[in-house]
Amino acid sequence: MSYFLTQLANGLSYGLILGLIAVGFVIVFTSTGVLNFAHGSVLLTGAYLVAVLQGPVGFWAAVVVGIAGAALLGVLINAVLVRNLAEANPGTAAILMLGVDILLLTELTRRIGNRVLPIGAPWGADVVAIGGVTLPTSRAIAAGLAVVVFGLLWFLFARTGTGVAMRAAAADGDTASLMGIRLSRTGAAGWALAGALAAIAGVFLASFPAPGVGPALAISAFAAIPAWVLGGFDSVVGAIVGGLIIGVVTALAVGYESHLHFLGRGLGEVVPYAVMILVLLVRPSGLFGRAEAVRV
Amino acid sequence: MKHRIRTTLALAGCVAVLAACSTEDPDAAPAGGGAEGEVRTGTGVTADTITVGMLTDLSGPFAAGAAVQVTETQAYYDQVNTEGGICGRDVEVDVQDHGYDPQKAVALYRSMASNVVALQQVLGGPTSAAVLPLAEADGLYLGGHGWAGVALQYENAQIPGTTYSIESANAIDYLVDELGLAPGSKVGVVYFVGDYGSDSLAGAQHAAQQRGLEIVPQEITPRDTDLTAQASALQQAGVSAVILGAAPAQLASLAGVLAAQGLNVPLFGNTPTFGPSLLATPAGPALEQNFYTVTSIAPFSLDQPGVQAARDLYEAAAPDGETGWEVPLAYAQAELLTTALRGACDAGDLTPEGVVAAMRKTTGLDTEGLYATPLDFTDAAQPPTRTVYVSRASGQAEGGLEVLGTFEGPSAQSYPVG
């Protein structure tokens, strides 16, 4: 039983981190209509900044710079590239983002090489044990922080002018624009928010039990794509729930692989996509998606 | 009229460029039989130079380690050249970057094959797998491609040590004979699917069968850098040791998580699993406590004349360079090719085919400690040695590894390669 609970806790905490990434995908999509395939390298940029700066300026200052840097990078991608597209076509923008991802990733890979850069977090390799359940301290903190961040996001979208403007722009850009909402501002805010969330997720994805910042971190962000899709492309709540489902299912599939070996080895890799396809078969717009959201 | 002149000029320009890129080397003596002293020459050899190629990864995931190998290889041939060269000729190294992309590696191979006498290195599993059949068809020597057992089916490939499978078989034998693992125990194998990890698993499975152990396999991908779920599953299965056929990021995670779970069992890694930078991560203490590696190439810190020569050369060439097992490996690989080139020169046939033939006559090659035993390349289907160095992670040792000794177990001897 404690084995099951350990895997469950592990899956839930990982799922909340995936949720942070998936929410970033959703916010960029709803605010500017872009499928942001450069999200992984934005995440890696944030984590890389933290790893190289934590030595000289300390961990917490480095985290602030990393989050600000990733947010700024998102704003720049939006301002320089996305807004200059001749026509706002999701397909063109998605391909543009793939290009941006390759460029950023190549440069970061060149800088990191095959080193593993320690993230220098104060929780190191500690673990917490509650009852028979053990969980890395970094994961427990990540889970708690993710819940707080999601609470703040709810407050932002429900109670602040900026958040309401962003929601209005997402629901109907043309009308919102006529009502005096500046889509350039809501777009920039969306990209900044997504970049900041990605950097936070990056710090935890690079913390114990992972070894540190390496180029593979950018790819692990793509594990959030099934979460984003199955939650519905345009739903923040869906992205969080999707993240939790993918996290738990992956942890249980790997943990109980020996009981499921008729399905073959390496199950953890396939299972998120299998779940995503199953959900889309039953609910074509995802769990919380609007039926009219554009799907690729 | 103006347009026609412009078109004609453009066409003429294209023809000139094509001619310049022609694959015929105007300086090369005819392949059929040159009168260059007594030595026949072919592609990549002129009256005063021998050109060897390196297809490596200077922009992809293995860029840092690959750069160390390029530095060391160039320093090696600079030294060879100051000592008079090979066959009266200087050796030049043509380095190209494939960025770990098999498509690019094949394209670069095509443009390079007609200008080199041998390929000193094609770095990476998928890249060398793409190039090996082409090089075999061209009869071109290919070295420095890692230790996957599949390379043993190629006559032209010179594997720089023993295979991953034999490394892992030795790890099992070492666990039983030196660390006292009891019969019936379970051993986890966490591995990348493919030429590398699957070969490692095959060796471990063979040895486990021989020694009465049970293997608990866990398949992963290079994307997995958090091995918590795998570590929990291994603990649940009750393993007494773990073998890892993966990369440094996976090693750090697995070692850290297993130690955090209180499962302090021996953790063995194949050659590419370890990098000294891991000792600075939170997993450092766990690695120093539990990690062993089985390698046919000597670790950086080994006190033997061959390894010392490799270190001296590297420290002169790159005083602040990163240290690791890549340094002795690059030195050894250059020495293997140099031996073949000298053999080809002595046999009077410095053509690509002559180099491959000379490589296949290499036997009893003493590398002064770079490898644990003399090497024998006469049978393409067999690895040149089955002995490995067993080392432990250590923050004190240069390159992060401290050598415990050499080892060759019964399952490693009986493993049927190929």
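**Close-up 1. The buried residues of helix H5 of chain A.** In this predicted model, the buried residues of H5(A) are A:Thr137, A:Ser138, A:Arg139, A:Ala142, A:Ala143, A:Ala146, A:Val149, A:Phe150, A:Leu153 and A:Phe157. Buried means under 20% relative accessible area, exposed means over 50%, and partly exposed lies in between, for a 1.4 Å probe and protein chains only. Helices (H or I, at least four residues) and strands (E, at least two) are DSSP runs, numbered from the N terminus. The cover over these buried residues includes H1, strand E1 (127-130), strand E2 (133-136), H6, H8 and helix H11 (236-255) of chain A; contact means heavy atoms within 4.5 Å. H5(A) has 23 residues, which should span 33 Å at 1.5 Å a residue, and its end C-alpha atoms are 32 Å apart, which agrees. The expected span of a helix is 1.5 Å times one less than its number of residues.

The model is predicted, and local features need pLDDT of at least 70, side-chain atom pairs count only at pLDDT 80 or more, and totals for chains, interfaces and linings use all residues. Residues are numbered from 1 along each chain as its sequence is written, chains are lettered from A and ligands numbered from 1 in the order in which they are written, and side-chain values use heavy atoms, with hydrogens and water left out.

**Close-up 2. The crossing of helices H5 and H6 of chain A.** Two packed helices are described by the angle between their axes and the distance between the axes. The axes of H5 (residues 137-159) and H6 (residues 161-171) of chain A come within 5 Å and cross at roughly 75 degrees. That makes H5(A) roughly perpendicular to H6(A). Axes are lines fitted to C-alpha atoms, for helices over the stretch in contact, and angles run from 0 to 180 degrees between N-to-C directions. Angles under 35 degrees count as roughly parallel, over 145 as roughly antiparallel, 65 to 115 as roughly perpendicular and the rest as oblique. On the H5(A) side, A:Leu156, A:Phe157, A:Ala158 and A:Arg159 meet A:Gly161, A:Gly163, A:Val164, A:Met166 and A:Arg167 of H6(A). By class, this contact has 5 nonpolar, 2 polar and 2 charged residues. Ala, Val, Leu, Ile, Met, Phe, Trp, Tyr, Cys and Pro count as nonpolar, Asp, Glu, Lys and Arg as charged, and the others, Gly among them, as polar.

**Close-up 3. Helix H1 of chain A and the glycine after it.** The 31 residues of H1 (residues 2-32) of chain A should span 45 Å at 1.5 Å a residue, and the end C-alpha atoms are 45 Å apart, which agrees. H1(A) is mostly covered, with 23 of its 31 residues buried. Just after H1(A), A:Gly33 takes a positive phi of about 70 degrees.

**Close-up 4. The bend in helix H4 of chain B.** H4(B) (residues 125-137) has 13 residues and reaches 19 Å from its first C-alpha to its last, close to the 18 Å expected at 1.5 Å a residue. H4(B) bends by about 30 degrees at B:Val131, and the proline B:Pro133 follows within four residues. The bend at a residue is the angle between axes fitted to the seven residues ending there and the seven starting there. Buried in H4(B) are B:Thr127, B:Ser128, B:Val131, B:Leu132 and B:Ala135. Their cover includes strand E2 (49-56), helix H3 (102-112), strand E4 (118-122), strand E5 (141-143) and strand E6 (157-158) of chain B. Just after H4(B), B:Gly139 has a positive phi of about 65 degrees.

Close-up 5. The peptide bond from A:Phe208 to A:Pro209 is cis, with omega near 10 degrees. A:Pro209 is found in the loop between helix H8 (183-205) and helix H9 (216-220) of chain A. B:Cys87, a residue other than glycine, has a positive phi near 60 degrees, and lies in the loop between helix H2 (63-82) and strand E3 (90-97) of chain B. B:Tyr100 is not a glycine either, yet its phi is positive, about 65 degrees; this residue is in the loop between E3 and H3 of chain B.

**Close-up 6. The surroundings of B:Ala233.** B:Ala233 lies in helix H7 (residues 228-237) of chain B and is buried, with a relative accessible area of 9%. Not counting residues up to four places away in sequence, B:Ala233 touches A:Tyr3, A:Gln7, A:Val254, A:Gly255 and B:Gln218.
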